[in-house]
Amino acid sequence: MAKKRPQTKGQPKGKKAQLTDGEIPVVGAREPCPCGSGRRYKACHGRAAAHAVTELVHRPFEGLSGEGDWVALRELVPAATAELTLKDGLPEGVPSVTLATVLPMAWPGLRREDGSVLIGLQNDMASGDLSRDLADTLLQALETEPGKPVSGRRAPADGPRLQDLLDPAAPFEPVVHTGFEFWIPDSENATPDVTASLERANAAAIPTVKLAGVDAAYWCETPEKNHLRWVMQHPEEKLLDALARLHAAGTSGLGEGTRLVGSFRAHGLMVPVWDLPSTVQAADVEKPAAEFAERLAAALATDAPLTTEERRARGGLTNRQVTLN
């Protein structure tokens with residue numbers, strides 16, 4: 001059984017400490033709240049902080065430039081980087097800040113010997129808000145000693161989000177890599193652990209290419225067939241209706257032998273997925289994808305009720321939808 005905590009001396013029984021909310025320190029969830037209410041911290045002044053930490057933010061990247069690409073790099077793309085632009089500019093001694101899908105040893109962040117900063121996107125996060133967690137990693141990395149990784153921790157519930165730190169007008173332009181060699185600018189000085197991590201990551205990476213003609217669409221190669229996965233920012237119900245119209249009309253494909261097979265739901269956005277023959281490469285779907293975007297825009301602009309066949313197509317697409325988070 002847990003030992004009873006001795007009653008704090010120096011305060012008359014039944015009297016509450018005269019503290020403002022800003023003066024109340026953080027203590028263990030099961031400890032008495034420092035405000036003197038007699039309740040546990042988690043049921044008193046810790047309640048709001050706990051709620052902020054655990055509440056799921058369904059669209060954590062909303063408001064950032066290139067929201068669809070943020071989702072793709074978080075969930076779909078093995079190896080990619082993107083330069084980030086801070087609202088207040090780069091601090092002295094930090095030549096660049098780069099987002100990476102994954103870092104060696106699954107580090108949340110890294111400050112290289114030259115002072116440049118990398119933060120990893122595909123990490124387990126401590127709270128329900130990816131944006132706040134990543135912003136906390138970024139702030140830690142900016143102050144980390146060069147040559148050191150960033151340790152994971154729980155972000156403060158009232159801490160800034162990426163939307164507070166990044167320039168919303170700056171473009172977000174991912175660069176997809178064939179492997180993770182970008183981890184090691186000086187491979188001769190890499191530690192054995194990092195080298196082994198690099199070899200494992202490269203072995204598991206699926207060949208992926210970002211299409212140039214449409215936003216947030218990524219071709220990938222698998223042993224049996226290839227795929228196109230396209231992150232779209234349209235409202236989900238409206239997008240499902242539009243895809244159903246095209247599917248029922250037989251115009252939802254991307255050329256001969258291709259087929260719209262379903263969709264993912266990731267971070268509040270829909271990601272339609274097409275099966276492609278193994279002979280179809282990324283360059284082969286550039287023109288079909290651009291033509292599909294035009295058909296989709298027309299279908300999105302239609303407000304007519306769905307026909308029986310379109311409703312049936314919509315039901316099939318909905319049944320094949322998978323939520324990633």
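Trainee: Where does Met105 lie in the chain?

Mentor: Met105 lies in the loop between strand E2 (97–100) and strand E3 (109–111). Helices (H or I, at least four residues) and strands (E, at least two) are DSSP runs, numbered from the N terminus. Before we go on, this is a predicted model, in which local features need pLDDT of at least 70 and side-chain atom pairs count only at pLDDT 80 or more, while totals for chains, interfaces and linings use all residues. Residues are numbered from 1 along each chain as its sequence is written, and side-chain values use heavy atoms, with hydrogens and water left out.

Trainee: What should I look at in the backbone of Met105?

Mentor: Look at phi. Most residues other than glycine have a negative phi. Phi of Met105, however, is near 60°, a positive value. His267 also has a positive phi, near 50°. His267 sits in the loop between strand E10 (259–266) and strand E11 (269–276).

Trainee: Is Met105 buried or partly exposed, and how should I read those words?

Mentor: Buried means under 20% relative accessible area, exposed means over 50%, and partly exposed is in between (1.4 Å probe, protein chains only). Met105 has a relative accessible area of 37%, so this residue is partly exposed. His267 has 5% relative accessibility and therefore counts as buried.

Trainee: How many helices and strands are there in the chain, and what percentage of its residues count as buried?

Mentor: The chain has 8 helices and 12 strands. Of its 325 residues, 42% count as buried. The chain exposes about 17,800 Å², and carbon and sulfur atoms supply 51% of that area. Accessible areas come from the Shrake-Rupley method with a 1.4 Å probe; for residues, only the protein chains shown count as cover.

Trainee: What share of the contacts comes from residues 24 or more positions apart?

Mentor: A contact means heavy atoms within 4.5 Å. Among contacts with a separation of 6 or more, residues 24 or more positions apart account for 61%. Pro174 is in the loop between H4 and strand E6 (175–176), and with 13% relative accessibility it counts as buried. Leaving out residues up to four places away in sequence, Pro174 touches Asp69, Leu73, Thr81, Ala82, Lys210 and Tyr218. The C-alpha atoms of Pro174 and Ala72 are separated by 9.9 Å, though the two residues are 102 residues apart along the chain.

Trainee: Which residues does Gln163 touch?

Mentor: With residues up to four places away in sequence again not counted, Gln163 touches Pro60, Phe61, Glu62, Leu64, Lys87 and Ser131. Gln163 is found in helix H4 and counts as buried because its relative accessibility is 18%.

Trainee: How many salt bridges are there?

Mentor: A salt bridge is a side-chain nitrogen of Lys or Arg within 4 Å of a carboxyl oxygen of Asp or Glu. By this rule the count comes to 13. Arg161 forms one of them with Asp129, with the closest N and O atoms 2.7 Å apart. This pair links distant parts of the chain, 32 residues apart: Arg161 is in the loop between strand E5 (148–150) and helix H4 (162–165), and Asp129 is in the loop between strand E4 (117–120) and helix H3 (130–143). Both Arg161 and Asp129 are buried.

Trainee: Which residues are linked in a network of salt bridges?

Mentor: Arg59, Glu62 and Glu67 are linked in this way. The closest N and O atoms are 3.8 Å apart between Arg59 and Glu62, and 2.6 Å apart between Glu67 and Arg59. Glu67 is buried, at 3% relative accessibility. Arg59 is partly exposed at 26%, and Glu62 is partly exposed at 44%.

Trainee: How do I read two helices packed together?

Mentor: Two packed helices are described by the angle between their axes and the distance between the axes. Here, helix H6 (residues 236–248) and helix H7 (residues 286–300) pack at an angle of about 115°, with their axes 9 Å apart. Axes are lines fitted to C-alpha atoms, for helices over the stretch in contact, and angles run from 0 to 180 degrees between N-to-C directions.

Trainee: Which residues make the contact?

Mentor: Lys238, Leu239, Ala242, Leu243, Arg245 and Leu246 of H6 meet Phe292, Arg295, Leu296, Ala299 and Leu300 of H7.
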